[in-house]
Amino acid sequence: MDYPELLEATIRHLEEEKARGVRHVNVDREVLSRLARPISRSIARSDASPSVPETAPRPQSPRIEVPGQSAPVSESRRVEKFEPTRVTRSREEKETAMAGLRERAMGCALCPNLAAARTQVVFGVGNIHTELMFVGEAPGMDEDRQGEPFVGKAGELLNKIIGAMGLKREEIYIGNVVKCRPDTPGQASGNRPPTPVEMAACLPFLAAQIDIIQPKVIVCLGTSAVQGLLGKKQIGITRLRGKWMSFEGIPVMPTYHPAYLLRNQSVSEKRKVWEDMLAAMERLGLPISEKQRGYFLQK
Ligand code: SF4
């Protein structure tokens, strides 16, 4: 392991420890002084890393092999390296591929703290033959208990939005960037957003789901989901929503998370989300009535 790899693994390890509630680590002076050296110097020294204890082994991404796909979906934690198959599968092949993927996710323990704290893996739900997919960030407490994404109050609101589009929840597919509830050590309740490390670790599962479903449109709900799926770091959802983006050639519409609309019930914010849904409906060629076009328009 060379210096940049070691540094990356160390930072990742420390982020994971921090997420678990650890606030102090013991580091001896020798290790500290080596880590403090300028990177360029250490890169030039091929012998720099062996004397540094390998306390933070590099986590491996889940190797996701989907029937009809000869290579793993991703060997990397980075979405850029994901290689979609773009295989056109029959309905039966899709179902077999998704069942195999689900089985792999159910046994995944790549994020040790999440795997230890979860009630179950929240893989995703809905019709895998759909043209429309919704993507959220991660399961919360309700989802962890019930094993299904978007089941709490935010889920009820999402169901209403889907209904207003003239669709049913069972007709579309809903998945999350992260499949296990981000743990909250020391807290009996509450949720936290997934860390970039957790999102990168779990993204190959979502990428494989998308590759199997091959929806015509993805609606991405909230900042974390957009950052996890599209890698748009440090750009808030306020600036991203309403603008078409793309994941592996599939159009992605970012919009606010339903939980945001529960906190901010102004008609203007509801209208923004609705305009994003209208754009998705247009792209899908769904019928749109005049009544639907006028929802949340202030007179
Ligand atoms: S969050 Fe994803 S990568 Fe991490 S343990 Fe759960 S299934 Fe595995």
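Predicted model: local features only at pLDDT ≥ 70, side-chain atom pairs only at ≥ 80, totals over all residues.
**Notebook: pockets, cavities and a core**

I started with the second largest pocket, and sorting its lining residues by class gave me 11 nonpolar, 8 polar and 6 charged.

For the space inside the second largest pocket I noted about 540 Å³.

**Cavities**

A reminder to myself: rolling a probe the size of a water molecule over the atoms shows where empty space is left.

I searched the whole structure and found 4 cavities of 30 Å³ or more. The largest cavity holds about 120 Å³ of space. It has 16 lining residues, with Cys108, Cys111, Cys180, Cys202 and Phe205 closest to its centre. Two elements came up as giving two or more residues to this lining: helix H5 (112–117) and H8. H8 gives the most, with 3 residues. By class, the lining of the largest cavity splits into 14 nonpolar, no polar and 2 charged residues.

**The ligand**

Where does the ligand sit? I found it in the largest cavity. I listed the residues around the ligand: Cys108, Leu110, Cys111, Leu114, Arg118, Val178, Lys179, Cys180, Ala201, Cys202 and Phe205. Sorted by class, this shell has 9 nonpolar, no polar and 2 charged residues. Helix H8 (residues 196–213) turned up again, as the largest share of the shell, 3 residues, comes from it.

**The core**

I moved on to the largest nonpolar core and counted 64 residues in it. Leu132, Phe134, Met165 and Leu229 have the most contacts inside this core. Its largest share, 11 residues, comes from H8.

**One tryptophan**

Last, I picked out Trp274, which lies in helix H12 (residues 267–284). Is Trp274 buried or exposed? Its relative accessible area is 3%, and buried means under 20%, so Trp274 is buried. I also checked Trp274 against Tyr295: they are 21 residues apart in sequence, and their C-alpha atoms are 7.5 Å apart in space.

Definitions and conventions:
Residues numbered from 1 in each chain as written. Heavy atoms only, no water. Near = heavy atom within 4 Å. 1 Å grid on protein atoms, 1.4 Å probe; cavity = no way out; pocket = protein on both sides within 12 Å on 5 of 7 lines; lining within 4 Å. Sits in = over half its atoms within 2 Å of the grid points. Helix = DSSP H or I, 4+ residues; strand = E, 2+ residues; numbered from the N terminus. Nonpolar A, V, L, I, M, F, W, Y, C, P; charged D, E, K, R; others polar. Core = buried A, V, L, I, M, F, W, Y, C linked by side-chain atoms within 4.5 Å. Buried < 20%, exposed > 50% of the residue type's maximum accessible area, 1.4 Å probe, protein only. Points joined across faces, edges and corners; volume = space filled by probe spheres on them.
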